[in-house]
Amino acid sequence: MTQINTLEQVDFAQNNLEKHSVNVHKFGGSSLATPECIERVISIIRQHCQLNDIIVVSANGKTTDLLLSLHQLALGGELLDTSLALLKEQQSALIFALLNADNAGRLAGELEQDINQLVAWLSDDPLAFESDILALGEVWSARLLSALLNERICSSYYLDARDFLVINNARECRVDNPVSQANLANSRQGQKLAVITGFICKDQAGNSCTLGRNGSDYSATIFASLLAAKNVTLWTDVDGIYSADPRVVPSARKLHRLPNAVARELGRLGNPVLHKKTLQPLTDNFSGSSSHLHVASSFDVKAAATEIGEFGQIARQELSVTHLNDLLLVSCEALKGSVAADVIAELSPVYSDEKQGQLVILASQQQALTNALAMLGAEVIFTPVSLIAAVGYQVALRLDIYGRFKRALKNDRVLRFVNSKQEHSIIALLPQETTPELLNKVHHEIVKDARHLGLVVAGLGNIGQRFLELLPAQLARVPALENVHLVGLVSSKKALIHTDGLDVSSALTDFSEQATDYTNQDLVSWLKHHPYDEMILVDITPSEAFSFLYDEFFDLGIHVIGANKWAASASTDTYRTLKNKAGKSGSLWLGNTTVGAGLPVNYALDDLINSGDQITEISGVFSGTLSWLFEHYDAQKPFSVLLKEALAQGITEPDPREDLSGRDVQRKLLILARAAGFELSLEDIDCQNLVPESLQGLSTEAFLQQAELLDGYFEQQYQQAKEQQACIRYIARFSLEQGKVKAGVSLEVLARDDAFANLTPCDNIFQIKSHWYQDNPLIIRGPGAGRDVTAGGLHSDLVKACQQLVNKQHQVTLKGIN
């Protein structure tokens, strides 16, 4: 868990950030479209970048479209004045809205020179200068952002990629890596943040070229390869890659981690964010290093990004559905021979079958293929088709997915099912367009059970160990836990976090051998960037300090299952804040084991309230320790002797005063009253402390040495009760009478036939009265402590949480995909 310094923390004179590996950050046109968007980008750079990083930019907004429109007008001999004026007005507005007067004046002057040059190119020979014309958008964007960084953040400079990036030709766009790497090294400046133009480069003859559709993404990964960058982040208008186009499939879920091979296949088959050319420099890395690609939203920085790289088995289970319309199935005898290899290399078809002499290409490639085959005089048949594909790691080998894919399409016309050569997709070729309805139907069948839930267990004491011992069998037999992955174990001082999952059968052994020291903020930092659809943290600690982290957990949307009582019994303001945060972020907060171990008392209260009932009274014996003590105490042996026997058997806390003080029972009553819908604080509950004041401030050892001072009081209470044919029990009571709340925990005298008087030692009993349960209260009774029942109660909460989360959908906010 490593903390990364940001530009806000940098002493530029020292430039200690040179010790860190370089990262590449690319910002798309929509992320730079308006002054407000650019302010967000500045904030992202401040928080996430280092001095030796590279910033890659697209043209602002729709600037490239406007330049292309001007180019087309010039080719047609039409008037340019209106479009030129609009272009200049848009760029000037950005400059003067963001920069101080001096810098704005300087950039405005440079813009004026560029506009004059643009007019000359459009007038002289627009066809010859097409790439130079289209390159202006990136130059203006880089120049503006660099000037703004110099004003606000750090020393910066901008680079025109044509000064170092060399490709073989505009058609193939194959990078001359050695030359480009050397040029880039010579162009970089120390102690400054580089802003580089995306989309543009030059060929080996020195002519300006563009890298085509999504060329800025391609530029970013090229630069990463040349610099051996550790990470590339594409800051765009969506917050990641989804299991289908979320504009078409509302139930699409984010794919948090994708193996490189799967991402390439998605890009090849029509994913609206990924493109195969973008990924090529990272997988065929010139520098030999390994880079990971992140797709993040510049509009929602807190949203977890999608990461593309090399991962383990869990990431390989991700599934998605993609589609492409406007395709052509090409049939030609000439494609059965060596010609096929040349055509495939030229056009990179979506699908090819050299034995059948068939290709599937984009409709836009028809003319190029016709020209390539014309000299052969062969008959060519073009058939309009579309495709829909299930994509995942070696999905073609997964017969269950193949079967579901075919069943989803059983009522639709399918020309054929084919597998990709890399076996990472199953493709259905359709003679008709793939409709949104069909895409949603197939997505529902393929991705319906693919949500991945991460599990972190905090607290590895007696109950925590038992929870983990039960976990393998639970994962195997409970359907709701099918996609739960144990990814973290945390004790008070050490943690073992493994993003690709821990082996549940050896987790405790692995923890003892591999765990490392951590801080709470290290844990929060990892949870902030976890790669799962949902993350569940099981808190089995007794730590009040750990409960303070709930505030941050809920901010991050982490779900908490807690045996820890501290948060649920915190001050009214703190508790209200936590409940509000959990509700706002959609975090589940389950705590059935905070009271009654595994007994379903919280479930019962929750069910009654959700059904419209109103609780009027809660009472009972809430402490297994006090239950055992008073069921056994008969004054035949001193109370202090009985107490020490309980301590020796592990029935009491290490310091028995924790039990005798009544504070634990008081907290449990508060938790139940809050669960019943009442707003109480601990101070509202009277609490009788059974420890004399003279013994309260002693050390545990001193207390035990003087424990006989307890004997007289308890013998007196017992004998007085015996004279009344009664007994003594430590009882918790909460009641609502005529709108007034009364609550307290104390030693009471009970009739021997009272429901609370005849328990199996260590049992808890909860009596609930409500509008529906008046004369005959609802009673829940059973073990109130013990490693098995408490661990079982935690597993009950885990199953309940997973049942609620498995179909949970996150709303996808789209800013528009370019």
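I began with S640, which counts as buried because its relative accessibility is 6%, under the 20% cut-off. I kept in mind throughout that this is a predicted model. Looking up the secondary structure, I placed S640 in helix α22, which covers residues 639-648. I then set aside the neighbours within four places in sequence and found S640 in contact with A707, E708 and D711.

**Helices α3 and α4**

Next I turned to helix α3 (residues 81-98) and helix α4 (residues 101-124), whose axes come within 10 Å and cross at roughly 160 degrees. Since that angle is over 145 degrees, I recorded α3 as roughly antiparallel to α4. The crossing of α3 and α4 is right-handed. On the α3 side I listed L84, L87, K88, Q91, S92, I95 and F96 as making the contact, and on the α4 side A104, L107, A108, L111, E112, I115, L118 and V119. Sorted by class, the contact of α3 with α4 comprises 11 nonpolar, two polar and two charged residues.

**Cysteines**

How many disulfides does a search of the whole structure find? I noted zero disulfides from that search. For C154, I looked up the closest cysteine sulfur, which is in C49 at 8.7 Å and therefore too far for a bond, the cut-off being 2.5 Å. I also checked accessibility: C154 counts as buried because its relative accessibility is 4%, and C802 counts as buried at 0% relative accessibility.

How values were computed
Residues numbered from 1 in each chain as written. Predicted model: local features only at pLDDT ≥ 70, side-chain atom pairs only at ≥ 80, totals over all residues. Heavy atoms only, no water. Buried < 20%, exposed > 50% of the residue type's maximum accessible area, 1.4 Å probe, protein only. Axes fitted to C-alpha atoms, helices over the stretch in contact; angles between N-to-C directions. Helix = DSSP H or I, 4+ residues; strand = E, 2+ residues; numbered from the N terminus. Parallel < 35°, antiparallel > 145°, perpendicular 65-115°, else oblique. Left-handed = near helix turned anticlockwise from the far one by under 90°. Contact = heavy atoms within 4.5 Å. Nonpolar A, V, L, I, M, F, W, Y, C, P; charged D, E, K, R; others polar.
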